[in-house]
Amino acid sequence: MLTLAWPWLLLALPLPWLMKKRHKNEEGRNLALRVPFYQQAALVLEGADAGSSNAPSGRWSVILQVLAWTLLVLAVCRPQWQGEPIPMDYEARDLMLAVDISPSMQETDLQLKGYQATRLDVVKSVVTNFIQVRQGDRLGLILFGAQPYIQAPLTYDLITVGELLNEATLGIAGNATAIGDAIGLAIKRLRERPADSRVLVLLTDGANTGGEVSPEQAAKLAAEAGIKIYTVGVGADEIIRRGIFGYRKENPSADLDETLLQSIADQTGGQYFRARNTGELELIYESINQLEPIKQQQRFFRPKTEWYWLPLLVAVALLSFCWLAPALTGLIRRSAPTQFEEAP
C-alpha cells in the first residue's frame with residue numbers, strides 16, 4: 001500500500017499560483033520602465049532564437065513546470081510503500097526487584113571502585129548496571145524495610161527504574177525488615193502476568209524482623225501463584241575493626257538468615273545466592289541475567305520502502321529540459337550553415 005509520511009505538505013501545491021497572483025497585484029501598483037525588446041534580448045542572451053517556435057515555451061512550458069512542481073511536492077511528502085504485516089515473536093521477561101533499605105544496609109563492609117562503601121551504595125551501582133542491560137524487559141522495583149512499597153511498577157522505562165533506585169534513602173521504610181510483606185506485595189503485582197513470566201529477585205542483608213506476613217507463608221503463596229523467587233544475601237563474612245584493645249575480627253553479616261533465604265528460593269523454584277563482596281554481587285546478577293526468556297504477546301512489523309527519489313528524479317529531469325532546451329535550440333541554429341539567396 002502506497003502512503004505519504006508527511007501528507008500535510010500537499011498544502012504547498014498552490015504556493016506558486018499564490019505567489020504569481022501577488023506579483024501581478026504588485027506590478028499593477030508600481031510604475032516601471034517598459035522595454036519593448038526585452039523578451040527578444042533575453043532569448044538572445046539565453047542562446048535561443050527570438051522568433052523560434054521549437055523551444056518548450058508558452059503552454060507546454062507552463063504545463064511542464066507545473067508538473068515538475070507537483071512532483072517536487074510529492075517527493076517532499078515522502079511516498080512510502082508499506083508491505084504486508086510480518087508477525088514477530090517478541091521475547092522478554094517480567095522482573096520485580098525487591099531491595100532491602102533497612103538501616104543495616106548502611107554497613108560499610110563492601111568496596112566500590114576501591115573505596116569502602118555502604119551496602120546500599122554497592123547494591124545501587126550493581127543493580128543499576130543490571131537494569132541497563134535488560135532492554136526489552138519489563139522491570140519493577142519494590143523497596144522494603146518495616147513495610148514495603150512500590151517504587152516503580154512494571155515498566156519498559158528502565159532509565160526511570162534506575163533513577164528511582166538511586167534515589168532510595170536508608171531507613172525511609174522503617175527500621176525493621178519485612179521480607180514476608182515484600183514478597184506479598186510482589187505477588188500482588190505479578191499474579192496478573194503470564195504464568196511463565198513471574199520472577200522476583202529479592203535482596204537483603206538480614207532476617208525477617210517485621211511485617212504481617214511470615215516469609216514462609218509468603219513463599220507458599222508465591223509458589224501457588226507460580227512466582228519464581230531468586231534470593232540474594234549481601235554482606236561480608238569478616239571485617240576488621242579497631243577497638244579499645246586493638247584490632248579484632250567481626251562478622252557483619254551475623255544477622256543474615258541464609259536458611260530462610262534458601263528455603264524461599266527452594267520452595268518457589270528459584271535459587272539462593274550469597275554475595276560477600278562487590279565482585280560476587282556482580283556475578284550473581286549476571287547469573288540471573290541468564291534466565292530463560294519468555295514469549296510475550298505477538299507483534300507485527302510492516303516493512304517500509306522509501307520512493308521519494310522517483311518523483312524527485314522526474315522533476316529534476318523536467319526542469320532541466322525546460323531550462324536547457326532554449327539554449328540548445330539556439331546553439332544548433334547558430335551552428336547551421338547560412339544560405340544566401342541569389343539576386344534576380
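Good morning. I begin with D94, which is buried because its relative accessible area is 0%. Buried means under 20% relative accessible area, exposed means over 50%, and partly exposed lies in between, with a 1.4 Å probe and protein chains only.

The model is predicted, so to the conventions: residues are numbered from 1 along each chain as its sequence is written, and side-chain values use heavy atoms, with hydrogens and water left out. In this predicted model, local features need pLDDT of at least 70 and side-chain atom pairs count only at pLDDT 80 or more, while totals for chains, interfaces and linings use all residues.

What does the side chain of D94 meet in a salt bridge? Its partner is R138, at 3.1 Å from N to O. A salt bridge here is a side-chain nitrogen of Lys or Arg within 4 Å of a carboxyl oxygen of Asp or Glu. R138 lies in strand β8 (residues 138-144) and D94 in strand β5 (residues 94-100), so this pair ties together parts that are 44 residues apart in sequence. Helices (H or I, at least four residues) and strands (E, at least two) are DSSP runs, numbered from the N terminus. R138 counts as buried because its relative accessibility is 17%. R138 has a further contact: its charged end sits over the ring of Y156, 5.8 Å from the ring centre. That description applies if NZ of Lys or CZ of Arg is within 6 Å of the ring centre and within 35 degrees of the ring normal.

A second one joins the side chains of R274 and D237, at 2.7 Å from N to O. R274 lies in strand β14 (residues 272-275), and D237 in the loop between β11 (228-234) and β12 (239-243), so the pair ties together parts that are 37 residues apart in sequence. Are these two residues buried or exposed? R274 is buried, at 11% relative accessible area, whereas D237 is partly exposed, at 35%.

R276 forms a salt bridge with E280, and the closest N and O atoms are 3.9 Å apart. R276 is partly exposed at 35% relative accessibility, and E280 is partly exposed at 26%.

I turn next to helix α8, residues 258-268. Which of its residues are buried? They are L260, L261, I264, A265 and T268. Seen down the axis of α8, these buried residues fall within an arc of 130°, so they line one face of the helix. The arc is that of the directions from the helix axis to the C-beta atoms. An α-helix has 3.6 residues a turn, so residues three or four places apart point the same way. On the other side of α8, T259 and D266 are exposed.

R78 is not a glycine, yet has a positive phi of about 55°. R78 is placed in the loop between α3 and β2 (79-82) and is partly exposed at 25% relative accessibility. The charged end of R78 sits over the ring of W6, 4.9 Å from its centre. K113, also a residue other than glycine, has a positive phi near 55°. K113 is found in the loop between β6 (110-112) and β7 (115-117), and at 77% relative accessibility K113 counts as exposed.

Finally, the surface. L2, W81, W307, Y308, W309, L310, L312, L313, V314 and V316 form a nonpolar patch with about 960 Å² of accessible area together. Patches are made of residues with over 30% relative accessible area and no salt bridge, like charges being joined within 9 Å and nonpolar side chains (Val, Leu, Ile, Met, Phe, Trp, Tyr) within 5 Å. The areas come from the Shrake-Rupley method with a 1.4 Å probe; for residues, only the protein chains shown count as cover. Helix α10 (residues 309-335) gives the largest share of the patch, six residues. L310 lies in this helix and is partly exposed at 40% relative accessibility.

L67, in helix α3 (residues 58-76), is partly exposed at 41% relative accessible area. The C-alpha atoms of L67 and L318 are separated by 8.2 Å, although the two residues are 251 residues apart along the chain.
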